[in-house]
Amino acid sequence: MKRWSFLFKPSWLALAVVVVAFAYLCFTVLAPWQLGKNSKTSRENNQISHSVTADPVPVTTLLPQQDSSAPDDQWRRVTATGKYLPDAQVLARLRSIEGEPAFEVLVPFAVDGGPTVLVNRGYVRPEGGSKVPPIPAPPAGTVTVTARLRDSEGLVRDREPFRQDGALQVYSINVGQISTLTGVPLAGSYLQLVEDQPGGLGVLGLPNLDAGPFLSYGIQWIAFGIIAPIGLGYFARAEILQRRRDKAAKEAADATPDAPVTTEAKLADRYGRRR
């Protein structure tokens, strides 16, 4: 047991705790985080690819009721006939379109015989850095639009909606939050207009079909989680082997008797010192 006693020293215990905690985080947090992002990106890429070739369908086939959402049909093209509700218009701020800042213009749309959905009309560029520019009103009366289904976005922490330049502004396209702010019940998914639509503004294009580095990052974190305990074991083994070598060398030195001192050596030492 003595050979393992060094493992119970505070320095080794602290190192072991750090290594175990790191490996635990790799397997339970870091790797799943990256692999989850890879799964989400792959799912979205598949949905975009399918939407390019699929014919548009009436929005009521995917969002038949007011509380409907269609996460499995994101990016699918749909058609909707109804009326814009411009009095409940909201702007999504701090958006980046083609590398430049933009506002995205969001307006509820009451579908004939269906739910009220949030419509992203497209984008406008800010004036003077962050000022809201004049925004053309959507057409009055009944219109038919073609759009892509989009999932509601998550809320941005510590970023509360506010009103500025006469416009209600939010930091994410979160359907639930916008419904609460405007007092208009909205379906769980929203619509993003394609080009040449009634009420459309700057067109939001499809994202690039790039899987990104998330899969490789996830595999790397798994590898790190495996390597860390192996490395700790390697250094522990090296320490044990070194202690064995030191012990063997000490035992060999203790077992070797001192060489006898001869009379000639004593005399030489005695007379040598006198000189």
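Biologist: Are Tyr 84 and Phe 109 buried or exposed?

Modeller: Let's start with the cut-offs: under 20% relative accessible area is buried, over 50% is exposed and anything in between is partly exposed, with a 1.4 Å probe and protein chains only. By that rule, Tyr 84 and Phe 109 are both buried.

Biologist: What pLDDT do local features need here?

Modeller: Residues are numbered from 1 along each chain as its sequence is written, and side-chain values use heavy atoms, leaving out hydrogens and water. This is a predicted model, in which totals for chains, interfaces and linings use all residues, side-chain atom pairs count only at pLDDT 80 or more, and local features need pLDDT of at least 70.

Biologist: How many aromatic pairs does a search of the whole structure find?

Modeller: Rings of Phe, Tyr and Trp (its six-membered ring) pair if their centres lie within 6.5 Å; planes under 30 degrees apart are stacked, over 60 edge-to-face and the rest tilted. Searching the whole structure with this rule, the number of aromatic pairs is two.

Biologist: Which kind of pair do the rings of Tyr 84 and Phe 109 form?

Modeller: Their centres are 5.0 Å apart and their planes stand at 80°, so this pair is edge-to-face. Tyr 84 sits in strand β2 (residues 77-84) and Phe 109 in strand β4, so the pair ties together parts that are 25 residues apart in sequence. In short, the pair is edge-to-face.

Biologist: And which kind do Phe 162 and Tyr 171 form?

Modeller: With ring centres 6.2 Å apart and planes at 45°, these two count as tilted. Phe 162 is partly exposed at 22% relative accessibility, whereas Tyr 171 is buried at 17%. The kind of pair, then, is tilted.

Biologist: Where does Asp 158 lie?

Modeller: Most residues other than glycine have a negative phi. Asp 158, not a glycine, has a positive phi of about 55°, and at 77% relative accessibility Asp 158 counts as exposed. It lies in the loop between β6 (143-151) and β7 (162-164).

Biologist: What is the relative accessible area of Asp 165?

Modeller: Asp 165 is another non-glycine residue with a positive phi of about 55°, and it lies in the loop between β7 and β8. Asp 165 counts as partly exposed, because its relative accessible area is 41%.

Biologist: Which residue's backbone nitrogen lies 2.9 Å from a polar atom of the Asn 174 side chain?

Modeller: Asn 174 lies in the loop between β8 and α3 and is buried at 14% relative accessibility. Leaving aside neighbours within four places in sequence, Asn 174 is in contact (heavy atoms within 4.5 Å) with Ser 152, Glu 153, Gly 154 and Leu 155. The backbone nitrogen in question belongs to Gln 177.

Biologist: Which strands do the buried residues of α3 pack against?

Modeller: Helices (H or I, at least four residues) and strands (E, at least two) are DSSP runs numbered from the N terminus. In α3 (residues 175-182), the buried residues are Val 175, Gln 177, Ile 178 and Ser 179. They pack against β3 (90-97), β4 (100-111), β5 (116-124), β8 (167-170) and β9 (189-193).

Methods:
Polar contact = N/O pair within 3.5 Å; in protein donor to acceptor, adjacent residues only side chain to side chain.
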